[in-house]
Amino acid sequence: MADDFKVAQPHQYHRLFLRESIRPDGRAVTSCRDIKLHVNSISTALGSSMVCFGDTRVIAGIKGRFAQPDIDRPGEGFVVPNVTLPSLCNSKYRPGMPSDTAVAMSCRLAAVLDKVVDKTQLCVRPGKTSWCLYVDAVCLNDDGNVWDALLLATSAALKSATLPATQYSAETDVVAVDRDGEGVKLKLNYLPVSVTLSVFDGTTIPDPTGAEERIEEGSVTCCVDQKGAIRAVWSSGHLPDELISGTLKYAVTRADILCSILQKVTGD
Amino acid sequence: MPQVDPKRNCGPEDAYEPPILRPTKTKDQLPEVEEKPRPDGRRNDQLRPFYMKTGIITKAQGSVYIEQGQTKVVAAVYGPKEVLKREDFSLKGKVMCEFKYMPFSRAATYSEPRQTFEEKVISKTIAEAMEGVIILSKFPKSEVLISIQMIEDDGGTLSLAMTAASVALIDAKIEVRDLVIGCTIRFYNGGRILVDPTAEEEHTKTSEGAGFHLAVMPSLSQVTALKQAGKIEQGQARECIEACWEGCLRIATAVKKLLEETLGEQPG
């Protein structure tokens, strides 16, 4: 009976819960789902992580290839981020070409990660060889707020990644990866995390589930680094003006908690 | 060379896999003759540890996560759903499969996010194998989507993907004739057969020999898929298939036991 009502009248269904200051999954209105974070369980990747926000599950991994640096930037490497929302994670994604949501997320991830990695350390031989890091985030289960999970997974993967040692041989003019050598941890300028809030009926709801995302009137996403500086903000839908500063303040507080989880799991 | 994909960040076109300084194993160390032990110390017919968990993707009708040694796969089943295109209406249901290696899943190479030719072939193989197993007449004008993502590739991926697809179908309560269990073997020219090879054992380029993938329905004693790559004599082929079959039956015992515990009913 409740399930039928939830499908037939989702707005009313959520309104009834909000009236009692609670959300359908039992959380308080301003609380977020439990977070699970594991790093480096995939041995084929340079760095990897898995993040769960409740049921939303995301894996991120990093692979490296060599490439010739750009002519204008001979001492820098490349970072190529991509987001995949496969048909596995939700029935709204069909197999084949990536959906518009995935394309938008890939662009946003590229924008947010642009200055995160110190690209000069990716250079192996200036002008000749540099690392090209492929940072891929794949969603396994989409139950809302995939973007926050993706960014946390990507940051965790970058933080726990190790660049393999390389050796240059002058006779053959080839740089090769030395598996027995000691790798180097990636040098990151900052670690971004993200906090998304939905707006429904004039109330801001952080960390929306899939059902809550479908009924939201607007949303705000705020990317914050580990020092509390705001790195990117974007919104969609319509938001009342008075809610904006409150949501940014909440986002910075919540980001602090996410960064401390990141710190605890990835160390130093 | 990766193709230019307008919907994804592609990175530099000339990126290449970094050469490795010393290959992991020299020819003397490879397990081609009986005297040489397998890298992980297993017997010829010993399977790797097996872990399985169903219901991991809450958004799908059925799903499973399987680990066989370091090879990790997740499969989800969506459906039966009404087909979108009128031309695809038929009295028998349709089976669609999407198989993908995650970009960071293979040790030797970066798998681009766009589905490659090899993955399309594997998708078709799995879809055709499942068509023989699912009772398609039970859901006319509908389709079932099996979505499989390979999280880490350490050998035996096609067989494990078949097993995962079949368990996900059972978890989705779609009517099937039997479980489908897959097993891989690697045959070396000296006559040695290694059951359940790791990626290192599967892809040794130094000798001829063959790889066999077999998928069977254990209770019905029928083969749903057989794939062989490499050169082999007729008499030796019989031996290989028998070794595969035995491996499948042993994995089937483990899978049935795990399914009984999670679903509380006897499959097949």
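**Exercise 1. Find which side chain of chain B makes a polar contact with A:Asp136, and work out where A:Asp136 sits.**

Step 1. The side chains of A:Asp136 and B:Tyr110 are joined by a polar contact of 3.4 Å. A polar contact is a pair of N or O atoms within 3.5 Å; within protein, one must be able to donate a hydrogen and the other to accept it, and residues adjacent in sequence count only if both atoms are side-chain atoms.

Step 2. Before going on, note that this is a predicted model, where local features need pLDDT of at least 70 and side-chain atom pairs count only at pLDDT 80 or more, while totals for chains, interfaces and linings use all residues. Residues are numbered from 1 along each chain as its sequence is written, chains are lettered from A and ligands numbered from 1 in the order in which they are written, and side-chain values use heavy atoms, with hydrogens and water left out.

Step 3. Now place the residue: A:Asp136 belongs to strand E6 (residues 129-141) of chain A. Strands (E, at least two residues) and helices (H or I, at least four) are DSSP runs, numbered from the N terminus.

Step 4. List its contacts (heavy atoms within 4.5 Å). Not counting residues up to four places away in sequence, A:Asp136 touches residues of both chains, including A:Asn82, B:Pro103, B:Phe104 and B:Tyr110.

Step 5. Look for a salt bridge, that is, a side-chain nitrogen of Lys or Arg within 4 Å of a carboxyl oxygen of Asp or Glu. A:Asp136 is buried yet has none, and B:Arg8, the nearest side chain of opposite charge, is 7.0 Å away. Here Lys and Arg count as positive and Asp and Glu as negative; His and the chain ends are not counted.

**Exercise 2. Decide whether A:Asp143 is buried or exposed.**

Step 1. Find A:Asp143 in the loop between E6 and helix H4 (146-160) of chain A.

Step 2. Recall the cut-offs: buried means under 20% relative accessible area, exposed over 50%, and partly exposed in between (1.4 Å probe, protein chains only).

Step 3. A:Asp143 counts as buried because its relative accessible area is 13%.

Step 4. Leaving aside neighbours within four places in sequence, its contacts include A:Arg33, A:Asp55 and B:Lys59.

**Exercise 3. Describe the interface of chain B and chain A.**

Step 1. The contact takes 47 residues from chain B and 55 from chain A.

Step 2. Together they bury about 4,400 Å², 58% of it on carbon and sulfur atoms. Buried area is the accessible area (1.4 Å probe) that two parts lose on being put together, summed over both.

Step 3. B:Lys7, B:Phe104 and B:Tyr110 supply 17% of the area that chain B buries against chain A, more than any other three residues.

Step 4. Three salt bridges cross the interface. In the one between A:Arg65 and B:Glu17, the closest N and O atoms are 2.7 Å apart.
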